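Please keep the sequence and the model in view while reading.

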Amino acid sequence: MEQQAATETLFQPVQLGRYKLPHRMLMAPLTRSRARQPGNVPSPMNALYYAQRSTAALIVSEATQVSQQGQGYAWTPGIHSLDQVEGWRLVTEAVHKAGGLIFMQLWHVGRISHPSLQPDGMLPVAPSSLKPKGLAFIENESGEGELVPFVTPRALETEEIPYIIKQYVRGARNALEAGVDGIEIHAANGYLLDQFLNSGTNRRTDAYGGSVENRARLLLEVVEAVTRVWGANRVGVRLSPLGTFNDICDQDPEKTFGCVAKKLNEYGLAYLHLVNPAIAELEKGIEPDPRAIRMLDLMRKKFRGTLIITGGFDQGTAENWLKQGRADLIGFGRKFLANPDLPNRFRQHAHLNADDPATYYGGGAIGYIDYLTLAQERGEEPKPHVDERWR
């Protein structure tokens, strides 16, 4: 009885936009760099990967570039070509056949790229011409993954902004054509929309820089444009308040993200998805930074719709945060990566497979579709097999 009570909230149904979800465990977006080449096209192997994890209440796909300009890593899938749409249709059909739901995360990386990934070897674009610290993951001349220094990006002209919005609209329409159940706008983790939001990366003096309202303008224009394609109740937004990934920072994050959450609340979105600012403390099992808790409380207050938090959770902490009302769903990334049947394992309080960081990015089936379910471990179901020629 105690075990059953301990997971009661995690396994209660919840409404998310137009969908009633059977429980509150979301599969978070995970870049895996395994799209078929040439063309960054999803393959049958990718379809199997997602279908294996269809017991998630909702799958949010890996970040998917809305244009070649929006690509920042080798071998990530796009949603801007006909072949990519057909490839994603393989994925959505496999997920739906297995009884799952999948939203596609739409992505433009901005400055977190490299000329070798850009059309005609051009410079990556950004709100301002500021070189990020760190390394880009590219395919070298030998066809292997390689880390190389970022370059100084080109600042977008004001007249180019409508073209950026059109890239998201095209991606949203293509996602609809591919059969996904909704879309998530990636405005987190130091990528283009996050670069506009944060004062540390946005030094513009036009209508897209300066005040919080101006820095939020591009995100809100993208939201308005894609909700005209999908309807607001099938659109989510992801933010990373207090994030530092990809050399991002803000002078007054509570003001910035409180304002953004308040404005997003007005659209009637399916959800707001937060990268947990207390992820490091949760993973270490220590008390979260009060600054992180203040931010989470602020976001909960300003955004009144469905709230998802991802990052650092195990079964116990997920249950506690749900009971405390900090979130409506909890996202799991690496645990879903290594445990395709994660909800079933949590229900049974079974052991979890360990994830292998060496196989996160690139490669074939190993570390991707070969993690076993409990039923496969017991020999009750066949082990996965697929043609893993991905390049």
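Helix H8 (residues 253-264) and helix H10 (residues 290-302) pack with their axes 8 Å apart and at an angle of about 25°. Two packed helices are described by the angle between their axes and the distance between the axes. Here axes are lines fitted to C-alpha atoms, for helices over the stretch in contact, and angles run from 0 to 180 degrees between N-to-C directions. Helices (H or I, at least four residues) and strands (E, at least two) are DSSP runs, numbered from the N terminus. H8 and H10 are therefore roughly parallel to each other, a term for angles under 35 degrees, whereas those over 145 count as roughly antiparallel, 65 to 115 as roughly perpendicular and the rest as oblique. On the side of H8, the contact (heavy atoms within 4.5 Å) is made by Pro253, Glu254, Phe257, Gly258, Ala261 and Lys262, and on the side of H10 by Arg291, Arg294, Met295, Leu298, Met299 and Lys302. These residues divide into 6 nonpolar, 1 polar and 5 charged; Ala, Val, Leu, Ile, Met, Phe, Trp, Tyr, Cys and Pro count as nonpolar, Asp, Glu, Lys and Arg as charged, and the others, Gly among them, as polar.

The model is predicted: local features need pLDDT of at least 70, side-chain atom pairs count only at pLDDT 80 or more, and totals for chains, interfaces and linings use all residues. Residues are numbered from 1 along each chain as its sequence is written, and side-chain values use heavy atoms, with hydrogens and water left out.

A second pair of helices is formed by H4 and helix H7 (residues 217-230), which pack at an angle of about 30° with their axes 9 Å apart. From H4, Ile161, Ile165, Tyr168, Val169, Ala172, Arg173, Ala175 and Leu176 meet Leu218, Glu221, Val222, Ala225, Val226, Val229 and Trp230 of H7. The contact of H4 with H7 has 13 nonpolar, no polar and 2 charged residues.

Helix H4 (residues 161-178) also holds asparagine 174. Asparagine 174 counts as buried because its relative accessibility is 17%; buried means under 20% relative accessible area, exposed over 50%, and partly exposed in between (1.4 Å probe, protein chains only). Not counting residues up to four places away in sequence, asparagine 174 touches Ile79, His80 and Val85.

Where does aspartate 328 lie? Aspartate 328 is found in the loop between helix H11 (315-323) and strand E14 (329-332), and with a relative accessible area of 18% aspartate 328 is buried. The side chains of aspartate 328 and arginine 300 are joined by a polar contact of 2.9 Å. Such a contact is a pair of N or O atoms within 3.5 Å; within protein, one must be able to donate a hydrogen and the other to accept it, and residues adjacent in sequence count only if both atoms are side-chain atoms. Leaving aside neighbours within four places in sequence, the contacts of aspartate 328 include Val14, Arg24, Gly305 and Leu322.

Some backbone features remain. Aspartate 120, although not a glycine, has a positive phi of about 55°, and this residue is exposed, with a relative accessible area of 77%. Leucine 242 likewise has a positive phi, near 70°, but leucine 242 is partly exposed at 21%. Finally, a cis peptide bond with omega of about -5° joins glutamine 37 and proline 38, and proline 38 is placed in the loop between strand E3 (25-27) and helix H2 (44-52).
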